[in-house]
Amino acid sequence: MNLTKRLLMSLALVLPVTTAAQSISQSQIEQFKSMPRAQQEALARQYGVDLDSITGSVSQQSQRPKNVNVVEPVDAISDEERERARQEQDDNEEQDRKNGGLKPYGYDLFAGSPTTFAPVTEIPIPNDYTLGPGDVLRVQLWGKENQQLELPVSRDGTISFPQAGPQSVAGLSFDEARQQIKKLVSEQYIGVQASVTLGELRSMRVFVLGEARNAGSYTVSSLSTITNALYVSGGIKRTGSLRKIQHKRDGELIGELDLYDLLLAGDTSDDNRLQPGDVIFIPPVGDRVGIEGEVYRPALYELKNDTNLQELVNLAGGLTPQAYPQLVRIERNNDDFLRIIAEANLTTPKGRQAKVKPGDRIEVASISDITGQYMEVKGAATRPGRYAWVPGMRVSSVIQSLDNDLLREADKRYAAIVRTDPETDTVSVINLRLRQALDNPGGENDILLQEKDQFLIFADEGKVSAKSQDRNDTMTERSALNNDASNGEHKGANSGTRNRAKNVSVTESKESNKVDYSRFSREALFAPVLQRLKAQARPGAPQQTIEVTGPVRYPGEYPLPASRQVSDAIYVAGGLKDSASLYTAELARFGVDEEGTGETRIISLNLKAVMKGQASAALKSRDRLLIKSIPEFAQAKTIELDGEVRYPGQYTIRNGETLRDVIERAGGLTDNAFPEGAIFTREKLRQLEAQRLREAEERLQSDLVGVQLEGDDFGGQNAERSQQVRDLLEEVQSSRPVGRMVINLAEVVESDDYQPIRLQDGDTLTVPTIPQAVSVFGEVQFPTSHLHSEGLTVDDYLERSGGPTRQADEERVYVVKADGSVMLPEKSRWFGGRSQQLAPGDTIIVPIDVDRLNQLELWSNVSQIVYQMALGAAAVGNL
């Protein structure tokens, strides 16, 4: 009772200061807990102690302590440590490069080291576990008396058992301590049984030294083993040994761990449990040997004792099915420190028992590729690859169905067989009419295949192009549907259309990415064959190639057909296009004359007779066959008639046809036509104007840079000039070429003496209606158009537009007539006098005063180009 009072007095003194009653021993708390609840409450009231605080402190002490970080988290390491880790990684990569990419085996085991080390407490406790200070025994009593006890092992190695006093358990195994407690309960308590388990385990400090990544002392669980401590320390550096990890206690070696046993066989028998103060020492790495090639785990392996070649192969996981064990290359240092190569045969006992030496680099060779009894299908086939060859095999044995065995885009008319002569190792090409071969199995075209034949299936580029076009059209249509669905008011109704369009787009996009048909073109599949044919050419055996050009489906270079017939060469090139001329063709033949000099002969062919078999022309090496096109075949040349013509539209023109002829075909001009203002444009002239605009733009940009480099002067004139040049440059950049040619349409239609205008493809004629306005452009106050009035002069129209601006050049004012011709000043200020009258459709141009801009003639020319193009565009737009 005195002990209980002292306990409560100490609790009364401690609890107001601390919340955990850390000065009270666990045995005193256990004694207080063993008292009845009523007595606990009475004593607590007597000494003014909060019972909940006591039981709360007791429960806190019985809780499992939180894990302590014994290894710094990655994000908490210092910059110096991070730099050291980066330098170590760089050193390892450099060492791997020196070793030919081989890495030391086993060190990746610690690549995922934990940032904290959680004590191992959730596993069954072995019976031979040795108890020590810090361990907690949990004793459950049941029967006549029910009670749960937690008995910590004190520093003196005892536990305080209620009503039995201290019991020494330190140094006992868990099984011995359990039997001892059960015996004690059976003797002290009648009708009570006990169950003993381990609660909290003690922690202990061990040392990890040597070539550890982070050598030092670590606090670990009492159940920890050598590998647990290695993980805590971050693993082993590459300079450390994996096969001779030493376990020391009190300075004596008590065990040695070979991690290869763990990695290769899962053997943990040497992974001893640690005791407080134990030392794990990692010595430097031993001798290493590299092995690569056809083994499952190519790497650098650390040797232990004497190792033969078979044992090393076993360490590397054994040989792969592609290994050639009869040839194992061993690269090693001889006695003179020179690298030499030796060979071993793993199929013989001597080869398997061959000793490996430190620094050896061993390579297990691969078996050779398939060398015989096969034929190969390449190209646009459903199942390309190598097939077993048997004597008597034909084309129909490999390709049985054009629909099932070939891709939809395959050329089903023509295929090629590349054959290798086994005696001379030279190749030749056999052309095959594929459809005819399958239509008549065993027939003339169903060719017998030989060993190592290559069967080339080509893509029909016409089908591929058509499919791509269809896909583009579908994608465009789906895109339009998506836009309509997203912009329309009926969003609910359009959502289904939009989703369907999206699904179709995704499906077609995936399908388009499946096959690259360019790999199956004649050019791609024949490329290595042509290279081989050229390489095997020699005197007396010229290269067997020809070239077919002109309107054939697939022009290019091809192997010389075995038949040497022109018709077969055309068949290989995909056949003739409809634009091919059947009347004549040319065959260019390269040979050597009697003096040994190269010469070229041109042979004319009647292609129609050749294709019908009525004439023959044998092809030779390097012949070049030119198929000629029908002159101007299907070349539609058109002219666009617009405006005031009887039947406007796009007309097809014949060679030499004139503008007058086409106007007559169009029914002539209407009664409202204004032929004086007709605009005739030509594509070639438009291209020429575009080129002039580009040149003017480049010159203006250069002049603008020059003006800006001069800087600002006193009056700010340079800044004003720079702005004027910039404005003119913007006008040039915004101008669009028209390509107008000045003609007198009235004379074209009515006069036989007027020069005929021969038409070209892309010409356009726009005939406006009778105008009523006169326009004023350029440097005037208000550029605009005025209603034409009889008797008004140029001066009158300028006054109606507000007069010239300050930067106008009044001496160079000119008039552009409705037909595009220009009237320039002659003697007086205004074109022949102020009394000169203007006609409807005329345009007055007031140019800029280029003398104010350093008298750059270029700017004057540019301004005229811009105004002329603006006039043409305005005239077309006013129709």
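Which strand supplies the largest share of the lining of the largest cavity? Point 2 takes this up.

1. **The model as a whole.** This is a predicted model. The protein has 23 helices and 35 strands. Of its 879 residues, 39% are buried. Take the contacts between residues at least 6 apart in sequence: 64% of them join residues at least 24 apart. The exposed surface comes to about 48,700 Å². Carbon and sulfur atoms supply 47% of that area.

2. **The cavity.** Rolling a probe the size of a water molecule over the atoms shows where empty space is left. Here, the structure holds one cavity of 30 Å³ or more. The volume of the largest cavity is about 30 Å³. Strand 12 (residues 299-302) answers the opening question: three residues of the lining come from this strand, the largest share. The lining residues include Leu300, Tyr301 and Glu302. Pro104, Tyr105, Tyr107, Leu242, Tyr260 and Arg288 are also among them. By class, seven lining residues are nonpolar, two are charged and none is polar.

3. **Thr545.** Find this residue in strand 21 (residues 545-549). Is Thr545 buried or exposed? Its relative accessibility is 2%, so Thr545 counts as buried; the cut-off for buried is under 20%. The side chain of Thr545 makes a polar contact of 2.8 Å with the side chain of Gln543. Leave out residues up to four places away in sequence, and Thr545 still touches several others. Among them are Leu530, Leu533, Glu557, Tyr558, Pro559 and Leu560. Lys620, Ser621, Arg622 and Asp623 are also touched by Thr545.

4. **Asn305.** Look in the loop between strand 12 and helix 9 (309-315) for Asn305. Asn305 is not a glycine, yet its phi is positive, at about 65°. Is Asn305 buried or exposed? Asn305 counts as exposed because its relative accessibility is 69%, and exposed means over 50%.

5. **Lys452.** Which loop holds Lys452? Lys452 lies in the loop between helix 12 (434-439) and strand 20 (454-459). Phi of Lys452 is near 70°, again a positive value in a residue other than glycine. The relative accessible area of Lys452 is 38%, so Lys452 is partly exposed. That label covers values between the buried cut-off of under 20% and the exposed cut-off of over 50%.

6. **What to check in the viewer.** Start at strand 12, with its three residues in the cavity lining. Go on to Asn305, in the loop between strand 12 and helix 9. Then turn to Thr545 and its polar contact with Gln543. Finish at Lys452, with its positive phi near 70°.

Terms used: Residues numbered from 1 in each chain as written. Predicted model: local features only at pLDDT ≥ 70, side-chain atom pairs only at ≥ 80, totals over all residues. Heavy atoms only, no water. Helix = DSSP H or I, 4+ residues; strand = E, 2+ residues; numbered from the N terminus. Buried < 20%, exposed > 50% of the residue type's maximum accessible area, 1.4 Å probe, protein only. Contact = heavy atoms within 4.5 Å. Areas by Shrake-Rupley, 256 points an atom, 1.4 Å probe, with all protein chains shown as cover. 1 Å grid on protein atoms, 1.4 Å probe; cavity = no way out; pocket = protein on both sides within 12 Å on 5 of 7 lines; lining within 4 Å. Points joined across faces, edges and corners; volume = space filled by probe spheres on them. Nonpolar A, V, L, I, M, F, W, Y, C, P; charged D, E, K, R; others polar. Polar contact = N/O pair within 3.5 Å; in protein donor to acceptor, adjacent residues only side chain to side chain.
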